[in-house]
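Colleague: Could you take me through the surface, the aromatic contacts and the backbone of this model, giving your reasoning at each step?

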Amino acid sequence: MSLPAIILTVIATFLAMEWIAWASHKYIMHGWGWGWHRDHHEPHDKVFEKNDLYGLVGAAMSISMFAVGSPLIMGAAAWEPGTWIGLGILFYGIVYTLVHDGLVHQRYFRWVPKRGYAKRLVQAHKLHHATIGKEGGVSFGFVIARDPAVLKQELKAQRAAGIAVVREAIQD
């Protein structure tokens with residue numbers, strides 16, 4: 001593969017991962033995979049959550065693609081784009097860890113942004129956690145955050161329609 005094709009593959013994979021993460025979060029984590037995700041939405045003082053198992057799933061996806069692209073593992077059947085797809089998944093995982101676990105949930109460092117896109121990310125994800133249980137909710141992405149004012153209106157509409165149970169602090 002040419003260098004431009006490699007760079008494009010890594011960037012396209014990184015961007016696609018936000019959509020994959022959004023869909024996985026909305027339809028798997030808040031669906032049949034709620035058993036692993038539930039403790040992420042409940043107060044606790046544990047260092048690890050069952051939800052962290054989803055990070056291992058992402059790591060397995062990346063490692064699998066590296067393996068598919070490796071001539072050492074696959075021999076002549078190696079598919080070179082697999083290496084670069086694996087790298088895009090890895091980069092997304094690093095950004096996810098820093099943004100979601102680090103910035104939003106303060107698991108690795110303490111910094112509360114006062115303005116800009118970082119503040120928007122934190123607000124959007126806090127609104128995601130405003131619901132009780134797996135039903136309803138907003139802002140299922142991790143790196144792309146919609147306007148918190150719009151998300152708050154969507155939560156109010158979901159509450160009024162009986163789709164979501166919203167925590168007291170958000171209902172006003």
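Modeller: What follows is a set of questions and answers on a predicted model.

Colleague: Which helices each supply at least two residues of the nonpolar patch?

Modeller: The patch lies on the surface and is formed by Trp 19, Ile 20, Trp 22, Tyr 27, Trp 36, Leu 53, Leu 56, Val 57 and Met 61, with about 870 Å² of accessible area together. The elements that each contribute at least two of the patch residues are helix H1 (3-32) and helix H3 (53-69).

Colleague: Is Trp 22 buried, partly exposed or exposed?

Modeller: Trp 22 lies in helix H1 and is a member of the nonpolar surface patch. Buried would require under 20% relative accessible area and exposed over 50%. With a relative accessible area of 31%, Trp 22 is partly exposed.

Colleague: How are the rings of Trp 22 and Tyr 27 arranged?

Modeller: A search of the whole structure finds four aromatic pairs. In the pair made by Trp 22 and Tyr 27, the ring centres are 5.9 Å apart and the planes stand at 80°. Since planes over 60 degrees apart count as edge-to-face, the arrangement of Trp 22 and Tyr 27 is edge-to-face.

Colleague: How many residues apart in sequence are the parts that the pair of Trp 36 and Tyr 54 ties together?

Modeller: Trp 36 and Tyr 54 form an edge-to-face aromatic pair, with 5.1 Å from centre to centre and 65° between the planes. Trp 36 belongs to helix H2 (residues 34-37) whereas Tyr 54 belongs to helix H3, so the pair ties together parts whose separation in sequence is 18 residues.

Colleague: Which residue of that pair is buried?

Modeller: The cut-off for buried is under 20% relative accessible area. Trp 36 has a relative accessible area of 36% and is therefore partly exposed. At a relative accessible area of 16%, the buried residue is Tyr 54.

Colleague: Where is Gln 106 found, given its positive phi?

Modeller: Gln 106 is not a glycine, and yet its phi is positive, at about 55°. Its relative accessibility is 16%, so Gln 106 counts as buried. The place where Gln 106 is found is the loop between helix H5 (81-104) and helix H6 (116-128).

Colleague: What relative accessibility does Ser 139 have, and does that make the residue buried or exposed?

Modeller: Ser 139, a residue other than glycine, has a positive phi near 55°, and Ser 139 lies in the loop between strand S1 (131-132) and helix H7 (148-160). Because buried means under 20% relative accessible area, Ser 139 counts as buried, at a relative accessibility of 13%.

How values were computed: Residues are numbered from 1 along each chain as its sequence is written. This is a predicted model: local features need pLDDT of at least 70, side-chain atom pairs count only at pLDDT 80 or more; totals for chains, interfaces and linings use all residues. Side-chain values use heavy atoms; hydrogens and water are left out. Patches are made of residues with over 30% relative accessible area and no salt bridge: like charges are joined within 9 Å, nonpolar side chains (Val, Leu, Ile, Met, Phe, Trp, Tyr) within 5 Å. Accessible areas come from the Shrake-Rupley method with a 1.4 Å probe; for residues, only the protein chains shown count as cover. A salt bridge is a side-chain nitrogen of Lys or Arg within 4 Å of a carboxyl oxygen of Asp or Glu. Helices (H or I, at least four residues) and strands (E, at least two) are DSSP runs, numbered from the N terminus. Buried means under 20% relative accessible area, exposed over 50%, partly exposed in between (1.4 Å probe, protein chains only). Rings of Phe, Tyr and Trp (its six-membered ring) pair if their centres lie within 6.5 Å; planes under 30 degrees apart count as stacked, over 60 as edge-to-face and the rest as tilted.
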